[in-house]
Amino acid sequence: MITRRHIFTAALLLATAVAAPVHAEDKPTEIRIGTQKGGFFPAVRQRQTLENAFKPLGIEIKWIDFQFGPPLLEAINVGSVDFGYVGDSPPIFAQAGNAKIRYVGAVKSDGTTQAIIVPKDSPIHSLADLKGKRIAFAKGSSAHNLLVGALEKAGVAWSDITPAPLAPADATAAFVKGSVDAWSIWDPYLALAELKEQARVIAFDKDVHKPNAFYIAGTDFVEKYPSLVAKLNATFASEGVWADGHHADVAKAQSEATGVDIEAVKRFVDRSNYRVVPLDQDVIRSQQAIADRFAKLGLIPKTVNVSDIVWKWTPGS
């Protein structure tokens, strides 16, 4: 016999089932952010913007420092970091290695924060002059891509140079000592070399290709916490809008957070773009072209389809 109690219980269960999806996304106790000395994250960290945005949700922000992109993405892959910012090449190498990552946002660079440089008195004056030279770069980084593209543009084969894959700290020492003839590198290391060593730029990114940088999150993190990924993107996007009109404040915060010389920081902040946007088809095509080039040269073990790991972000949603 169906009683009023049965009807009430059934209605309650139905209401609970309908409401459940709204609360289905659990909240972590912390979000781990991977950061580098370049980019924008150190300034955001110094300003405590993320902390203030996520504290009302009961979520702490933990910052973890890396020298460059590939180790940061490996940390995301193994689940020890949730979210980070890297250049164009690291995600391609990571995807080719089956890393559990997703593109979640992009920054369309003006192409002036990364370059191939040489010592001030070097006889190298053009990309063609790189033939036969020993060139430093961080393997798997955006500087790796710049070097590959620059050589291709100049008609110099990869086999015509002596590659010197070095992390930024080691490459800095090698460049100062004269152990390498040229160095493909990004800011702030680029700005520091220009100011302290009077390094000469042979080619900026913009002279070779149109670069992009990316906000990356772990696959599991995106699938489990999509609203938090959207909130991270929105927070960084808001900071990016602010930063474009407050370069002096960004430089001060960046220098305080990293310990990098303020004059070098001012230089790279003034030539940076911080606007965070969703990945559009132009960005995806550009990234796919890089992936195809790497596959053709045998720099990655297989071809990859960039769009397979793009998470669609709709600002304001």
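The expected span of a helix is taken as 1.5 Å times one less than its number of residues; helices (H or I, at least four residues) and strands (E, at least two) are DSSP runs numbered from the N terminus. The model is predicted, so local features need pLDDT of at least 70 and side-chain atom pairs count only at pLDDT 80 or more, whereas totals for chains, interfaces and linings use all residues. Residues are numbered from 1 along each chain as its sequence is written, and side-chain values use heavy atoms, with hydrogens and water left out.

Helix H11 (residues 247-258) comprises twelve residues and reaches 16 Å from its first C-alpha to its last, close to the 16 Å expected at 1.5 Å a residue. Val250, Ala251, Ala253, Gln254, Ser255 and Thr258 are the buried residues of H11 (buried: under 20% relative accessible area, 1.4 Å probe, protein chains only). Their cover includes helices H2 (41-47), H10 (226-244) and H12 (262-270), contact meaning heavy atoms within 4.5 Å.

In helix H7 (residues 168-177), the buried residues are Pro168, Ala171, Ala174 and Phe175. Viewed down the axis of H7, these residues fall within an arc of 120 degrees and so line one face of the helix; the arc is that of the directions from the helix axis to the C-beta atoms. They pack against strands E5 (114-118), E6 (134-137) and E8 (182-186) and against helix H8 (189-196). Just after H7, Gly178 adopts a positive phi of about 85 degrees.

Five strands form an open sheet of mixed pairing in the order E2-E1-E3-E10-E4, where two strands pair if DSSP finds at least two bridges between them. Strands E2 (60-65) and E4 (101-108) stand at the edges with a single partner strand each, so one side of each lacks a neighbour in the sheet. From one strand to the next, the twist averages 20 degrees (axes are lines fitted to C-alpha atoms, for helices over the stretch in contact, and angles run from 0 to 180 degrees between N-to-C directions). Strand E1 (residues 30-35) pairs with E2 in the parallel sense over six bridges, and Ile31 has Ile61 in E2 as its bridge partner. Helix H13 (residues 281-297) packs on the sheet, touching E4 and E10, and its direction makes about 90 degrees with that of E10.

The axes of H13 and helix H6 (residues 142-154) come within 11 Å and cross at roughly 75 degrees. The two helices are therefore roughly perpendicular (65 to 115 degrees). Asn145, Val148, Gly149 and Glu152 in H6 meet Ile290, Arg293, Phe294 and Leu297 in H13.

Notes
Buried means under 20% relative accessible area, exposed over 50%, partly exposed in between (1.4 Å probe, protein chains only). Angles under 35 degrees count as roughly parallel, over 145 as roughly antiparallel, 65 to 115 as roughly perpendicular and the rest as oblique.
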